[in-house]
Amino acid sequence: MSGPRALGLGLGLASCVVAIASSQAPRPIYGFSDKSVAAQRALESRFQQSVEADRIRDFHREYAAKPHLAGTPRDRELAEWTRDRWREYGLEDVEITEHEVLLPYPEEVTVEMTAPQPWRASMKEDAIPGDEYTQADVGLPYHAYSASGDVTAPVVYAGSGNPADYDWLRSKGVDITGKIALVRYSVPYSYRGFKALTAQHRGAAGMLIYSDPADDGFRKGKVYPDGPWGPESHIQSGGIVFDFMVPGDPLTPGWASVPGAKRIAASESVALPKIMSAPLSWKDAQVILRALEGPEAPKTWQGAGLPVESTARTQLYRVGPGPATVRLRLKMDDRVRPIWTVTGKIRGREEPESLVIAGNHRDAWMYGGVDPSSGSAALMELARTLGALAKAGARPRRTILLASWDAEEFTLTSSTEWGEQHERELREHAVAYLNVDSAASGPNFGAAAVPALNRLIGEVAAEVRDPAARIPIVAAWRARAQKERGTLPTGGGGELVNNKLGSGSDYTVFLNFLGVPIADLSFDGPYGVYHSVYDNHHWVARIGDPGFRYHGAMVRVWGLLALRLANADVLPLDYAAYAGRIQEFIKGIDRRYATELAPARAAADRLVAAASSAARDMEAALTDGSPVVINRRLIAAERAFLDPDGIPGRPWYRHQIYAPKFTYAPELLPAVAEAVQAGNAPEVARQAKRLAAALDRAAAALTGR
């Protein structure tokens, strides 16, 4: 049927469907009783409609207007600006907490080649029209916590600077001892601090890290300002501290660096490198690479190649040594400086002591367009919108605490110090921590979280629409996954969450030290200007997220997660999913240690049973209106995975399920995994018993025993 009559019938049928739908009970929400769902959905609708992309753009322009390295006057200005806006938006208990931490700045960073011809690295990023800056604005590019010194030595190209790379060099008769290692940031990615530790252990005299165009430059596509990838002069600054040993202020390991706190000597810190290290651009690094002779580098080390003038050929990378010799001179001031954490609350109406925490770090290596100002702008919009709801009377059941961290780029510093300072309160009352480091550099949603949050994240991703695809984020994620993998993921949405957690952002103290469930959220895309001067407002506004639509989507996801955790009758923490994942982690361990792992497998089975019992108790509590007891048990469960003695050699890291590898990559069941890697069967058995004890503590917490 067609024509006006058919159209009229269609509209009439649609009206009937709407009327029927409106008379039915609202769709359920995990953790909410039937009586609570309608009010929560109305609140969420108001919240989603209140998010404004233009405001986010304005916030971003302010945060990224000037370089704001941690501890600088501009960093302090932004802390105060953040505080003032939060007070204006109605947040309560807004304050700036000052910590005094080791925060070294460079006084000299010099890289010069003395042979086969004299040459000096510019240590400067070329200005782009419209993005002009002065060297005084941005300072010297450097590696925080590098040792100071002056050394002249032959250069050896060592690929990505991982242990296997040095093993290959040794197999070719190339000795790194006393040499300067030239390494790439990627191939595959590993944290620059791990590269420093590896070079230090192998006896290198110094290290230079550069960005190869094959990894983040012209071989990937168009470079800034025409595309997202890094131009040849971009330099990636960053820290090389060993925060995989202990994060936070290296001189106050495990306790807060409040004014007057005791400090250890720098020589006693396990987190501080003893090797010199500096960053280089591709523009400068290729000069050194061209001068190297010796064996041909492996194919996987060849990178973008070295163009030969007047021909279409490229010169292959060689590893040296010789004849390239470099003098590396570094002088760091190694000063203790103040940093500033900004916190504010929307106080809960019924359980004000319970805390749902959302945080982003404010400090940047330069302008921080994506990292972290995209997240900082999103956090400001979250403060504005949630504050407006509270002013209008829509106060959450539990307190939502917002945090603007400082010195994350150095060693996850202010979040760690603040977490250590408030350890007792957070261990007792923190419900979850929701982290957004970089909100948006593209359209691809990503979430990493403990498995207890899988279902919650999946449900929220089904409520927020992808700005470009105009379908729910979880549907857009599935479509992209199908295109990339050739298969369509199935399930209720939890499959979009990565449950393998390492480190590298401010969630670390909450998960690994305090035992608080965490989620880390982002929208990603091609991004080749990381930690450089080109990571600025223009890059984000023109390339990363024109219109700031994905920033808005991030605020909606972040806010809905916070509101559901803050308002749920029964906390939406799914420990059945967590227990199942732990069983999978144990099954993934080398089968040669099956006997030693038997206690852990049995404990995991008991945890599965306890989680199933807790799920039934959660349903009962929603029905009979008595959630207090089960909520206490759910909060206690993540804490139970902590062992006060920590993992061997790294006592700060207490979590028995998660820790970072030295590369920042996830280390699952870390104490057991490291014993397996060492091939130490008795130690595997000992650590399996400690793991079993943690799983049994969690089972007891869930069942209230």
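Analyst: Two strands pair if DSSP finds at least two bridges between them. Strands (E, at least two residues) and helices (H or I, at least four) are DSSP runs, numbered from the N terminus. This is a predicted model, with local features needing pLDDT of at least 70 and side-chain atom pairs pLDDT 80 or more, while totals for linings use all residues. Residues count from 1 along each chain, and side-chain values use heavy atoms, without hydrogens or water.

The largest pocket has a volume of about 1400 Å³. Its lining holds 48 residues (an atom within 4 Å of a pocket point). Tyr189, Ser503, Gly504, Tyr530 and Tyr664 lie closest to the centre of the largest pocket. Two helices, H8 (213-216) and H11 (408-411), each give two or more residues to this lining. So do three strands: E16 (430-440), E17 (444-449) and E19 (518-524). By class, the lining of the largest pocket has 19 nonpolar, 18 polar and 11 charged residues; Gly counts as polar, and Tyr as nonpolar.

E19 pairs with E16 in the parallel sense, over 5 bridges. E17 and E19 run antiparallel, joined by 6 bridges. E19 itself is mostly covered, with 5 of its 7 residues buried (under 20% relative accessible area).

Terms used. On a 1 Å grid over the protein atoms alone, a cavity is a set of points where a 1.4 Å probe fits but cannot get out, and a pocket is an open set with protein on both sides within 12 Å along at least five of seven lines; lining residues have an atom within 4 Å of a point. Grid points are joined across faces, edges and corners, and a volume is the space filled by probe spheres set on the points. Buried means under 20% relative accessible area, exposed over 50%, partly exposed in between (1.4 Å probe, protein chains only).
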